[in-house]
Every structure is written in structure tokens, then in C-alpha cells.
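Colleague: Hey, I'm new to this one. Can you walk me through it?

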Amino acid sequence: MGSNILNSVFVMVIGMVVVFVGLIILIALTTLMSRVLKRDRAEKPAKSAPVAAAPTDELPPEQIAAIAAIAAVSMEQDAQIVAAITAALMAYEAESGSGRHLVVRAVRRVPGASAWGSAGRQESIGY
């Protein structure tokens, strides 16, 4: 009987030692990985300063006119997008009968939107 208890205690101690040694190894590996990654980030060259746009004196008038036309079309498309979103929100409000009045003040693209992020946004607005 006494030897069974002694063996049980021995097995328990061996198990605890194995678990703690495993945890220490995991901690050492994660610390090592973080140091290596920090070193890699520090070794990357810094981004160069953005190049200043050329003064309009150096551009031919045809290019200036083309750039202005593209900017005007882009602004018109943005205004159309805002109008379409506002109309969709107004139609939704009229359909749902909520007393809230929503106003679109700005429309911005979400940089680097992932599929998971898009799915989360769609789920939160009730699609």
C-alpha cells in the first residue's frame, strides 16, 4: 500500500516536471522569435521621403487640362456614390419606419479590408 502511494507521488512529480519544462521551452521559443522579428524590422531600410510633385510650370498645358478633367470626373463619381448611399439609407428608413434620420457626411474606402472584416461589417448591419 505504501509503495503504491509512493509510486503515485513519483509519477505526479515527474508529470509536473515535464509540464513545467515544456512551458519553459515554449516561453524561450516565443521570446527568441520576438527578438528575431524585432531585429528584422529594425534592419529594414526606412521608407524614402515622398517625391514632391513637379511644379505646374514644367507640365505642358495639355497634361494640366487632362489632370483637371480626371479630377473633375473623380469628384463627380464620388458625389454620385454619396447620393446613391444616401438614397439607399432613406429608402431603408422609409421601409423600416424607424424614427431615426441618418445623414451621410463622408464616404471613405477602408484600406486593406479583409474578407473576415467585410463579413463582420455585413453581419453587424443585418445583411
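This is a predicted model: local features need pLDDT of at least 70, side-chain atom pairs count only at pLDDT 80 or more; totals for chains, interfaces and linings use all residues.

Colleague: Okay, is T86 buried, partly exposed or exposed?

Modeller: T86 is partly exposed, at a relative accessible area of 24%. Buried would need a value under 20%, so with its 24% T86 doesn't count as buried.

Colleague: And how far is T86 from R105, C-alpha to C-alpha?

Modeller: Their C-alpha atoms are separated by 9.4 Å, with the two residues 19 apart along the chain.

Colleague: Switching to R108, where does that one lie?

Modeller: R108 is in the loop between α2 and α3, the latter being residues 115-124.

Colleague: Is R108 buried or exposed?

Modeller: R108 is exposed, since its relative accessible area is 73% and the cut-off for exposed is over 50%.

Colleague: What's the spacing between R108 and D78?

Modeller: In sequence they are 30 residues apart, and in space their C-alphas are 9.8 Å apart.

Colleague: Zooming out, how many helices and strands does the chain have?

Modeller: Three helices and zero strands, so from the N terminus you read α-α-α.

Colleague: How much of the chain is buried?

Modeller: Buried residues are 2% of the 127 in the chain. The accessible surface is about 11,700 Å², and carbon and sulfur atoms hold 67% of that.

Colleague: Which elements have the lowest and highest mean pLDDT?

Modeller: Helix α2, residues 61-96, has the lowest at 71, while helix α1, residues 2-43, has the highest at 91. For the chain, the mean is 76, with 62% of residues at 70 or more.

Terms used. Residues are numbered from 1 along each chain as its sequence is written. Side-chain values use heavy atoms; hydrogens and water are left out. Helices (H or I, at least four residues) and strands (E, at least two) are DSSP runs, numbered from the N terminus. Buried means under 20% relative accessible area, exposed over 50%, partly exposed in between (1.4 Å probe, protein chains only). Accessible areas come from the Shrake-Rupley method with a 1.4 Å probe; for residues, only the protein chains shown count as cover. pLDDT is the predictor's confidence in each residue, from 0 to 100.
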